[in-house]
Structures are given as structure tokens and as C-alpha cells.
Amino acid sequence: MITVFLLAWPLLAALLLFVLKPGNAKVFALVASLVELAASLMMAVQFQKTAVPQFDVNVYWIKSLGIHFSVGVDGISLLLILLTTVLVPFIILSSFSKSYDKQSTFYGLILIMQMALIGVFTALDGFLFYIFWELALIPIYFICLIWGGENRGVITLKFFIYTLAGSLLMLVALVYLYFQTPGTHTFDIEALYIAGQGSTDYEQGLIFWAMFVAFAIKMPVFPFHTWQPDTYTTAPTQGTMLLSAIMLKMGIYGLIRWMIPLVPIGVQDWGFVAVILSVIGMVYASCIAIIQKDFKRLIAYSSIAHVGLIAAGLLTITISGIQGAMIQMLSHGILVFALFYIVDIISDRTRTRSLSELGGIRNVAPALTTVFIIVMLGTVALPITSGFVGEFLLIRSLVEYHFMLGAIAGLTIILGAIYMLRTFQKAMSGETNAVTSSFTDLTTQEKWVLYPIVILIFAMGIYPAPLLEISEAASANIVNLFSAYADSIK
Amino acid sequence: MNALIVICSLGILSLVAEIVNLKKWLTTFVMMGLVIATGLIVMDWGTAQFYFSDMVFFDNFAISFTALILTASFFWFWMSGDYFSNQPHKTDRSALILFAIAGAICMVSFNNMAMLFLGIEILSISLYVLAGSNKESFNSNEAAFKYFIMGSFATGFLLMGIALIYGATGSFNITTIAAYISSHIDSLPGFFYAGVLLMLIGMTFKISAVPFHFWAPDVYGGSPTTITAFMSTVVKVAAFGAFYKMFSFCFYPVHSSWVLVIQIMTVLTLVIPNITAVYQNNVKRILAYSSVGHVGYLLLAVVANTTGASGTILFYLTAYSVASLLAFTVLHVVEGSEGNNALEKFNGLYKRNPWLASSLTIAMLSLAGIPPLAGFFGKYMVFSLALQQGYVALVLLAVGTSLVGVYYYFKVIVAMFFKDSDEATLPVSLSIQLIIGILVLLVFLLGLFPDWMITRLTVS
């Protein structure tokens, strides 16, 4: 039932926001998201570290079409739920210094987004998964369209159509598999797995591509990334945070849950191509990030680079690859949230995001600079920060998979260090200039957001074991599902 | 069947109302009559009765289509109150609409080609007049004239087809014809096939399938907005019902001779209107092209499963009608008395009236097929029907055109939320707020709980 609560509560809170339009919508939304966080922590405490989906609810939704409202939580889902429920309060808190018009709509949309994201991470029915997947797109589209920056009309429409195209491909693949299920057909995940594994190699290849493109667009993986820098740049800060910190994890989660066990032969035949695409994306995005002048755009490209590594490591289908992807998803979520927040703080005070106009912030804002250094070190995966554990596991799995690809992926960490340090140099160090001379250091509200994040960065870096344990059984289960099938056909 | 009598009596009452001075209460009276008629037709559910010497046949197919027509008409009368109150000839207009509804019911319940022809003509002639009911407007006159000329031409094809089929089979009764075709499948004369083809042309004109759609954008665009709403919902339901009944039931035994034609028309109807709509800068014309585009998805269902698509088609038409009525209601409020429905008129609607903008957004999202709204389930059912029968290429094409659809529907959304306007806030009367609320609710209910309707339709 707690799963249903996690889904229903944000929706209810959002509807209340829409209807009541309270004066302090911010506080209302913050309280609602903290309740959600408490509920998810309760779930984490009760969670048994096995691969079996827990807290599950399974009732018929559309009986005549074999569609269930079926949700459940295993370790992989739980970590992503925690990521969502931890970050949403921070995202809401990070907006406290701003005054958006129609703020009750704004916060309501954020909460609906949260509901849809948790739905994606818990759905155990193909159709339900698709519905939540699309549902997540609608609030973020309107957040970007109504409160976004320059030229948002065209950019957000491109984003919407691009991602919708991918998900429709996924729907076609799911419906195709649905008709392969026995009897009166069902969208139940286990039945779809059996149907997918029973398909011919050729069909599995086609389904692989339909699903992979859908997930690759969401993440995004090269060459499906063209919507991303524009959308991240034009979206309001909270929208960018939702997109980059949580929403792109939908794509990675989709790979783990809805592709690898679904079409093992397809993954075996085509996984290598997908890994190569991911690695190309890493190098490509890192190189572009190095020459970026816009601070926010730079972070957007760095996000493509990081997510490329996650996808590549994941597609090696080893336990260390999947575990690395899990921990790296959490770490990336936290770090990218902090980075976009820092960009927002700087651009709010200086009215510019152009790196060449900034400089010398270190002299006037020591607290911000310290936080930035820590987040930056996390991003370049220095040991004892959260970024290290994930990147280490991912690169290890990639080296075992294919030495050259692993080596190239390792090199991109150096590229990452280059663009992050260059950013630091341009924005933070140097002489304080006219733009930054009146810069004030972090306010109390900003400290409330950033300091806990810093603690999380270190905590996850020093002692990641509890998190890794949560998803271990589920990751092993995915690998077993895959390799058991791959062995059986040899 | 009683429903048909109620509707005809209401039509006559409307004509008499001028004399007995009932004008003030007429719309209320008609709406009550529509509710009664809907109740009567729903009570017939599960029966399959022939009436009027086998001229009409009310099985569950006819009953469900009639119920949809009557419900849509009810909402139509509600949304278009000012079409009657602000202009002269209130009673005549009301009577014409009611006779058109009677014609629509005949079209979905016919069992005899003479009845089909009568239904189409009752419907069409009323519409020719209604399209031109805005006498002062050049566009309205053009619409009426164009519709009349083209419509008469199509009727000619239809009538010629009926004559040839009668010549080949010796009957107007479609049950008899179907039986005759099955038993003489190898010895049908060539002119029988010519007849089928002529009827196909006549009827695809009525459902405005490409390439017989050229009248639709001009007629839809030129007619008064409320009449456009009527044409793209009630009339479309009736026309498609008639088309489906004729071809899936009567001409099914020879379907190999016409299904290829329909397949080609499906492809054209999916591609051409959806692409043309992208270039429109007038919301009414966008909706007109979208209404033609939706016929493509309906035809896809017919192609995929000629005999078993009635449930899917009815669900699709219901979802489409609800969303269209919602869109037209908002459009009608926004265009105001001057009838300006250019895209710029929608700029900044979100600031002027968030409720209207959100409702139109929901309508557009539903028409575009975004889950979990009604339109999504309509499209989902069509696509899954086609995938089940192995029409993967057609489904991928339809997915592509849906994406194009998203583009032009979202043009309206972007205008409402993104562009600015310096016009004052837009007040909406309570009655219109209520109908918009109900229609929004229906869009959600049909999307979230489609099971209720699907189970009933698949049984029928």
C-alpha cells in the first residue's frame, strides 16, 4: 500500500495546489514533498534486500485488454525512488528565493512530475509503464514552456516531439510483444519477458532498437542528444534539475528493467553497437563541453558525457556494470542538481551565464567556492567523493568488456577534469571584475540546500555499501536472467 | 427506434414553435427531448429489431451509434446556445439541426439502401442550408455553395452505385444483398463491382477521406463555428457508421475487390491532411484538417479488421467527438462575436483565462493522442488492432503522422502559453463553464476507465 501512497500523495497535493491556489504554494509543496520523503524512507527501512518485488499491488485496470495496475519495488526501483524523493524537496527549496507567477501551478506540476517518475520506477506492467513514462513528459513540458527562457516555444516543442517519437516506438514494441503473450494477452512484465525471450533473433533485434532508441532519446545517448543542450539551457532552473537529475534516469532504468531481460539476444547482438554509441557520445560531449562559453550549457554537455558512461557500463551486463550504474545514477543526480543550482545562484546575481564575463568569485564568496570545489571534485570522480565509486565500477566493467573502449572511457575522465577545472578557473579564480565585485556569498536558504548535498557527496563516497547492498540482489537477478537465457541457447 | 420518432417530433415541434410562441423555451425543450431519446435508445440495448418493413434495423451497433449521436447532439445544443438566441430564424435552425440528427440516425440504422439514401439526403440538405446560415458572411455562403455542389455530385455517384447494385442483385435490402453476394460470388456481373466502387466514392466523400476531402477544409472553415462543430462530430459519426455498416457487413464477401482502394485511401488520408494542417494559421482550419486526418486512423481500423472493428471505431469516434466538442466550445468562446479564429487570437489565452486555456490544452492533448486521455486510448486500440493483424508498416506510418499531429496541435498550445497578448481577461458564462467542465471530465474518464465502454462494445 505504501507504493500506492507514494503515487497518490504527490498527485493529491498537486490537485490541492491547483484547486486551492494557496498563497504560500512553496511551503505547501515543500511540506508535501517532505511527507513523501518520509514515506519513502519508511519503505527503505522495511525493505528486504532480495530481488523479489516488494510492497506490490496488483489489480486489474483495464480487464478486457489484460492491463493491470501493477506496481512493486525491488532494490533498483528503491534507489531511484529515494533519489526522486530526496531531490524533489531540495528542488523546491532551491526555488524559494524566486517568485514565479502562477506559483501554485508551477509547484503542482513539479509534484505531478514526481508522481509520474515514481510510477515509472515502480510499474510492473508494460502498459502502465508506458502511461507513466508519457505522463512524466507533460508536466515538464509545461514547466519549460511557461517559465522557460528565450525561444522556449520552439525548443520545448522539439523536445516534446523528439521524446514522444521515441516512446511511441517503445509502445509499438510493447504492443507487439503483448500479442505474443499466450491466451487473452497480458502486459504483465513476466509474461512480456517470456514473450520477448521467445521471439526470433531478428524480432529481438528490431525490438531492441525500438526500445533502445526510446531510452537513448531520454538519457540522451549520442546521436539522439540534439534536443538536450537547448532544452536544458532554456528550461527554468527547477525544470533543468528535474530533467537532468531525475528524468534522464528514466531512460537508464528503462534499459535495466525493460530492455536487458526482455530481449537478451537483441542485447547480445546489438549491445556492442550501443556501447560504442555511448562511448562516442562521452568523448564528443566532453570535447564540446571544453569549448562551451555558457555555464549552463557546459553542464548540459557534461551530463551527456556522464550518462554515456552509465549506459556503456550498464550494457556490459555484469554485476559491477549495473551496480556501478545504480550508484552513479544517484551520484550524478545529486551532483548535477548542485551544479545547476550553483549556475543559477551565479547567474541570478550577475545576470550572466557567460564564463568569459565571470571571474574572481572566489575572492568574494568563499562558501560558494568551497561548495563548488567539492561538487566539482565529485564530478571529476575524485576518490572519497560519490562520483568515484560509480565511475570506478563502470570503467572496470567496461575494461573487462572491451579493453580499448574502457581505455577511451577512462580518458574522458581526464577531459572531464579539463572542462571542470577550466570552468573553475574562469568563473571562480582570477581577478574580481565589475560583474562579480558586488557578489554576495551564500544565503541561509542556499546553505540549507547545498550543505546537505555536500554531506551526501562525501557520505556516498566514503561509505557506499548500504546503497550498493540495496540494489545488489536485484542487479544480480537482472544479470542472471540475462546470462541464464544466453547460456541456454548456446 | 422510438428515439427516431422523438427526434422527428421535436423537429416538427420546432417548426410549430414559431406559431405557438414557444421560442423562448425551445432549446431547453429540445435538450430535454434529446435526453429522453437517449434514454429510449439505451433501453433498447440488447434487442435487435427490424422496423418499417425491414427498412431499419436497430441492433447494438445501431443503438450504440445512435446513442453517441444523440449525446453529442445534446452537448452541441448546450455549447451553441448563442447560435439560436443571437440570430433570427431560431426555430428554423433548430428544426434543421433536428432533421439532420434524424437523418444521422437513419444512416447508422438502415437495413435498406433506400433508407441509407434518404438518411444521407435528409442530413445533407439540412447541412447545406446550415452551412450558409450566416447570411451576411461571404465565407459562409461560399461554404454552403461549395458543399451543395460537391455534395450533390457525390450523391449522384452514390445513387448510381445503388442502382447498379440493385440491377446486379435485385434488392435494396442489405441483408438480402449480402446473402446474394455470398451465394453468387463467382457469377457477379462486372457492373456490380462498378456499383461498389461508385458507392465507395459517394460514401468516402461523406466521411471526407482523401482524395474526396477537398470540400472539407473550406466548408468547415467557412460555416459558422457551431455548425462546424456539428459537422465534425455528429455528422462524422453518422457518416462513418454508415460507411462501416455498408462495407463491413454488406460488401464484406467481395472485400478483396475494394480493400486495396481503402488501403491507399488510408495512407493518403493519414499523410496529406496531417501535413497540410501544419501550414494552417487558423485554429478552425487546423481543426478541420485534423478532423479529416482522424478519418485516416478510423480507416486504418477498417483495413486492419473489416468485420471486427466496430467497437474500436465507436470508441475512437466517442473519444474524438468529446475532445472536438471541447475544442470547438473553447474556440467559439475565444473567437467572440466577430468570429475571428486566427491563431494569434489565442496568444496569451493562459493569462486571459487559465481555465479556458487548460481545457483547450486537454482537448488538444487528447486529439494528439497523449496518455492518459481519451484520444490516446482510441489511437491505442486502432494501432493494436492493426498490429494484431500484422500491418506493422501502416502502424508506423500512423505513428509518424501522429507526431506531425502533435506539432500542429501544440502550435495552439504554444500560442496560448508562450505568446503574450494585451487583450483583457475573457469572462465565461456559468453554463459554458459547466459544459467545459463536464467535457474535460469525460476526456479523463474515457482515458482512465475505458474498460467500462470497451467491455460493452466487444460483447455487441
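This is a tutorial dialogue on reading several features of a predicted model.

User: How many helices and strands does chain B have, and how compact is it?

Analyst: Chain B contains 20 helices and 2 strands. Its radius of gyration is 21 Å, close to the 23 Å that the globule rule gives for 460 residues, so chain B is as compact as a globular protein of that length. The C-alpha trace of chain B spans about 70 × 60 × 40 Å along its principal axes. Of the 460 residues in chain B, 58% are buried.

User: What share of the contacts in chain B between residues at least 6 apart in sequence joins residues at least 24 apart?

Analyst: That share is 81% in chain B.

User: How is a pair of packed helices described, and what are the values for H5(B) and H6(B)?

Analyst: Two packed helices are described by the angle between their axes and by the distance between those axes. For helix H5 (residues 90–109) and helix H6 (residues 113–131) of chain B, the angle is about 155° and the axes are 8 Å apart. Angles over 145 degrees count as roughly antiparallel, and that makes H5(B) roughly antiparallel to H6(B). The crossing of H5(B) and H6(B) is left-handed.

User: Which residues make that contact between H5(B) and H6(B)?

Analyst: On H5(B) they include B:Leu96, B:Phe99, B:Ala100, B:Gly103 and B:Met107. On H6(B) they include B:Met115, B:Gly119, B:Ile122, B:Ser126 and B:Leu130. By class, the contact of H5(B) with H6(B) has 17 nonpolar, 3 polar and 1 charged residues.

User: How does H1(B) pack against H5(B)?

Analyst: Helix H1 (residues 2–20) of chain B and H5(B) pack at an angle of about 165°, and their axes are 8 Å apart. H1(B) and H5(B) are therefore roughly antiparallel to each other, and their crossing is left-handed. Among the residues that meet are B:Leu4, B:Ile7, B:Gly11 and B:Glu18 in H1(B), with B:Thr91, B:Ala95, B:Leu98 and B:Ile105 in H5(B). The contact of H1(B) with H5(B) divides into 13 nonpolar, 4 polar and 1 charged residues.

User: Which parts of chain B touch chain A?

Analyst: Start with the counts: the contact takes 23 residues from chain B and 22 residues from chain A. On the chain B side, helix H17 (374–388), helix H18 (392–418) and helix H20 (451–459) each supply at least two residues. H18(B) gives the largest share of that side, with 11 residues. By class, the side of chain B that touches chain A has 17 nonpolar, 5 polar and 1 charged residues.

User: Turning to chain A, how many residues of helix H5 are buried, and what covers them?

Analyst: Helix H5 (residues 126–135) of chain A is mostly covered, with 9 of its 10 residues buried. Among the buried residues of H5(A) are A:Phe127, A:Tyr130, A:Trp133 and A:Glu134. Their cover includes strand S2 (67–73), helix H4 (103–122), helix H7 (152–178) and helix H11 (237–258) of chain A.

User: Where does A:Thr318 lie, and is it buried or exposed?

Analyst: A:Thr318 lies in the loop between helix H13 (295–314) and helix H14 (319–350) of chain A. A residue counts as buried if 20 or more other C-beta atoms lie within 10 Å of its own; A:Thr318 has 21 and is buried.

User: Which residues is A:Thr318 in contact with, leaving aside its neighbours within four places in sequence?

Analyst: A:Thr318 is in contact with A:Ser397, A:Glu400 and A:Val479. A:Ser397 is 79 residues from A:Thr318 in sequence, and the two are 6.8 Å apart in space, C-alpha to C-alpha.

Methods
Residues are numbered from 1 along each chain as its sequence is written. Chains are lettered from A and ligands numbered from 1 in the order in which they are written. This is a predicted model: local features need pLDDT of at least 70, side-chain atom pairs count only at pLDDT 80 or more; totals for chains, interfaces and linings use all residues. Helices (H or I, at least four residues) and strands (E, at least two) are DSSP runs, numbered from the N terminus. The radius of gyration is taken over C-alpha atoms; the globule rule is 2.2 Å times the number of residues to the power 0.38. A residue is buried if 20 or more other C-beta atoms lie within 10 Å of its own, exposed if 12 or fewer, and partly exposed in between; C-beta atoms are placed from the backbone. Two residues are in contact if their C-beta atoms, placed from the backbone, lie within 7 Å. Ala, Val, Leu, Ile, Met, Phe, Trp, Tyr, Cys and Pro count as nonpolar, Asp, Glu, Lys and Arg as charged, and the others, Gly among them, as polar. Axes are lines fitted to C-alpha atoms, for helices over the stretch in contact, and angles run from 0 to 180 degrees between N-to-C directions. Angles under 35 degrees count as roughly parallel, over 145 as roughly antiparallel, 65 to 115 as roughly perpendicular and the rest as oblique. A crossing is left-handed if the near helix is turned anticlockwise from the far one by less than a right angle, and right-handed if clockwise.
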